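Morning, everyone. Please bring up the model on your screens, and we will walk through it together.

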Amino acid sequence: MSPIAFSIALVLALGSFSSILGRRALKLFSAAPAARFDHLGERLKITAIYAFGQKKFLRGEQPAGLMHAFIFWGFMTLGLTVVTLFGRAFDADFYIPLLHPGQPLGDAYTLLRDVIQVTVVIAVTYALYRRLIQHTPRLFGFQPAEKRLHDEPHWEGILILFLILGIMGGSLIHEGARLVLFAGEHRTETERGWEPVSNLVSHLIPGSAAHTMTYVGFWMHNLIVLTFLNLLPLSKHFHIITAIPNVFFGSLRPRGQLSKPDPGKPDDFTWKQVLDMYSCTECGRCSAVCPATASGSPLAPRQLILDLRDDFLGRTERTDDKIVSDEVLWSCTTCMACVEACPVGIEHVPTIIQGRRKLVDQGAMEPMLQDTLQNFAQQGNSYGKSSRMRARWAKGLDFKIPDARKEHVKYLWFVGDFASFDERSQEASRRIAKILHHAGVSFGMLYEAERNAGNDVRRIGEEGLFELLVEQNMEAFAGAEFDAIFTTDPHSLNTLKNEYSEFGEMKPVYHYTELLVELIESGEIALSEPVGSKVTYHDPCYLARYNRITDAPRRLLGAVGAELLEMPRNGTNTFCCGAGGGRIWMDDSKLVERPSEQRVKEAAALGDLDYFVVTCPKDLAMYSDAAATVGVDFQVLEVSALVEQAMGLRDDGAVLAGDAA
Amino acid sequence: MQIIVPMQQTVDLVEELELNDDGTGVEREYLKFVANEWDEQALEEALLLKEAAGGSVTVVGIDETDVDGTLFSALAKGADRAVKLTGDFENGISSHQRAAILAAWLGTQEFDLVMVGVQSPEDLDGQTGVILANLLDTAHVSVAIGVEPHEGGVKVRQEFGGGTVHELALSGRAVVGVQAATAAPRYVSISRVRAAMQDSPLETLPAADVDAPTGTTVRRLYAPESSSHAEMLEGDADAVAARILEIVRERGIVKELS
């Protein structure tokens, strides 16, 4: 079928495609290096799960996720159809070897192709419905951060969808016409049995037009495929080419472990960051879960990646040297929801932190944050208090917590700044100390030798200060005797567990909920008075999303007898309180509605609730304030209060709500 | 413009202060020392002035506890030279002594302007800049809240009570006591401070041996003591005035000529 005409079209199209692709590839190869060729087996595994298995689509929002998965699997199969129809240019009866009608694989392929083409048509029609009729907010940009996206036409996505419909239609017409043209032949009749949809189409084609229609279908399919191919690198549909490699080259480091800046070119993008920009499909799953976007800050992760991409490709004119404004970079809470949501493996948060490192180097930050960093540097805590005051909260106890620098303890309690200095959290710290003391657990502290662990300092972008704090803490660890660390602070847990080992040898690190639940389940803590309170539980980002600790706190709530009502966003899908990444030391008065207030309302919508339970000192502060601002019927409670009650340890005789008094 | 900024170390006020055994000063042994915040202001203003007018900034510190960190931090912020005058100064230095040491060293230096913090939290007489200007025999402006280049010299803004601002033009050598810089002191990242420690050594030379009596000695240092309760004066203006006069007489605050 028209071998010469098709050859010309093919050569032109492939020539143009390779030239565009070549330019993109050159830009990619000239980017800074990134070590992403290690652990190939593991990389193949994540590619199988997240790219070919479409895991994030199947787990995420529906039915959009299923819709994408079917289109993706359709494309995988239909690659064979493209080869077949290209081949028909040169041999009107071309079949891929082993896929001839009558051969087992051939018949299976015929059936699969036929069914998948219809599935793709249905899925694409649904996609068009979302864009043209339903106006799904995610596809139209979130305000105010995605204003630019909002202003731009959406014809690109719509055009591509129509092109896909055209490709499916062309193939169905071609196959249908062949069934008419070669009717009665044994091979055709075999094929007919395996392609019910093409067979239906064949009934619409009169015998006189069959010959022409094979050509119409052939050209329609092939020309659209070639056009589509050339549009890919020019549009967001470039992800069809780059997404699978982007998943393959994804980060294999623990989620909570940042890379050190490249000492030579700290500001340059690596080729993996460039591949991130190429891979963004503008789906907006990141912006939809972003607490900064939701609270009306200027940051939306999708917009950030698109701004970087457009600048990288020279599509935008720079007005000054700032592609992304300082406010956008400082808005991030580093909660990692965007990275978790992105189906194509884009790593937004490390890119934001890279930008912040440059700002810190220039000293471009708000005064409150600058003061806080100076406090860290001089006093080792965010409060700017003398390190000798760090353990003062323990003075109200009727026993002395051992000094791990002077005697061997089983557990070293890394208390963290908030639990040491914040008044509300100090009360929780004393309670936890009491519980552990009562249970006879061997534990101690570093007293004034403890410094802030540096988790948030590193995420503010002050790498040198982070390293200084690590050195100071490592020195303190070296001077103490202990078997393991536990901490009441998820932020400290994250860096101690994932990042300190890059600076020296570390003992195992646990969250206190893990320790408490283990003590209860092993019988070392006996619970005599189950609490009957109705509670909901907020997963801290650095515990749940970063470190996958979602089970221990829930087992703890079960053990004390609380009735747990889950918020819609729970576990690794939790919603940030807004305090992370140094945000707690920045001005949040410009936000339309703080993330913590939105979260409290999410809990309030559960109905009858006694407590909003937290396991992070920053959460206790954030949510106590938010609950007061919003005005709700439940209280914010740190989890050990329930444990204390269940142990019958409350000395004031007070009973928690929901209990039969 | 060649600017010199003397940096002083003072007690970190977040620490709990204790008196020494004879009750004449704070116990210095267990305390942490940080840069005097007014000197940080002076350094910032000096750096801004250098950025506006060109020239260089030299910081000079006397060998007080942890002065190295302060000097390296200044280098990281943009100072061109850092000088440390060594000696045994663990027990603190009076303003007279400090000014005399600095003046001796400044005598060997070329400079246009000395910018120094107008005071420090532990200054007894708060006059380092004034004494220094006297020893160097230069012009002196105190309580400056802004210094900018002006016709080869500088223009200095001074603030007075009630929002009055005074602008002075200075030509020739001068000592300026800085109350506040035009912008908040800049942040310098720890990486830059560490880089400065590696790349830019401090110039060290012995501090001059000076004999500079202060004229005053501390007899007793103590925490504020609450005195007798306040007496609220009531009645009309005449009655209140009469009572005030009575109190002044009772306490012998004014001497009446007979």
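Let's start with helix H2 of chain B, residues 67-77. Mostly covered: 9 of its 11 residues are buried. The buried set is B:Val67, then B:Thr70, B:Leu71, B:Phe72, B:Ser73, B:Ala74, B:Leu75, B:Ala76 and B:Lys77. Look just past the end of H2(B). There, B:Gly78 has a positive phi, about 135°.

Now, confidence. This is a predicted model. It scores ipTM 0.79 and pTM 0.89. For chain B, the mean pLDDT is 90, and 98% of its residues reach 70 or more.

How many helices and strands does chain B have? There are 6 helices and 11 strands. Its C-alpha atoms fill a box of roughly 70 × 50 × 35 Å along the principal axes. Of the 258 residues in chain B, 36% are buried. Take the contacts in chain B with a separation of 6 or more. Residues 24 or more positions apart account for 72% of them.

Next, the cores. The largest nonpolar core has 188 residues. Which residues have the most contacts inside it? From chain A, A:Phe612 and A:Tyr623. From chain B, B:Val5, B:Val59, B:Met115 and B:Val176. Zoom in on B:Val5. Leaving out residues up to four places away in sequence, B:Val5 touches B:Asp39, B:Ala42, B:Leu43, B:Ala46, B:Val57, B:Val59, B:Met115 and B:Val116. Another core lies apart from the largest one, with 26 residues, including A:Val124, A:Ala127, A:Leu179 and A:Ile224.

On to chain A. It is divided into domain 1 (61-234), domain 2 (254-362), domain 3 (381-519) and domain 4 (526-647). Over C-alpha atoms, the centres of domain 1 and domain 3 of chain A are 59 Å apart.

Some annotation. An unreviewed UniProt entry places "transmembrane region" at residues 6-26, 65-90, 110-129 and 157-174 of chain A. I checked two of these segments against the model. Residues 6-26 of chain A are 100% helix and 0% strand, with the end C-alpha atoms 29 Å apart. Residues 157-174 of chain A are also 100% helix and 0% strand, and there the end C-alpha atoms are 26 Å apart.

Is A:Arg253 buried, exposed or partly exposed? It counts as partly exposed, because it has 13 C-beta neighbours inside 10 Å. A:Asn498 is 245 residues away in sequence, yet the C-alpha to C-alpha distance is 9.0 Å.

Last, the interface. The contact takes 18 residues from chain A and 13 residues from chain B. On the chain A side, the elements giving two or more residues are helix H18 (348-362), helix H19 (367-379) and helix H23 (463-478). H19(A) provides the largest share, 6 residues. By class, that side of chain A has 7 nonpolar, 7 polar and 4 charged residues.

That's the tour. Over to you.

Key: Residues numbered from 1 in each chain as written. Chains lettered and ligands numbered in written order. Predicted model: local features only at pLDDT ≥ 70, side-chain atom pairs only at ≥ 80, totals over all residues. Buried ≥ 20, exposed ≤ 12 C-beta atoms within 10 Å, placed from the backbone. Helix = DSSP H or I, 4+ residues; strand = E, 2+ residues; numbered from the N terminus. Domains from an automatic or database assignment. Contact = placed C-beta atoms within 7 Å. Nonpolar A, V, L, I, M, F, W, Y, C, P; charged D, E, K, R; others polar. UniProt positions renumbered as here; feature names shortened; annotations may be inferred. pLDDT = per-residue confidence, 0-100. Core = buried A, V, L, I, M, F, W, Y, C linked by C-beta atoms within 7 Å.
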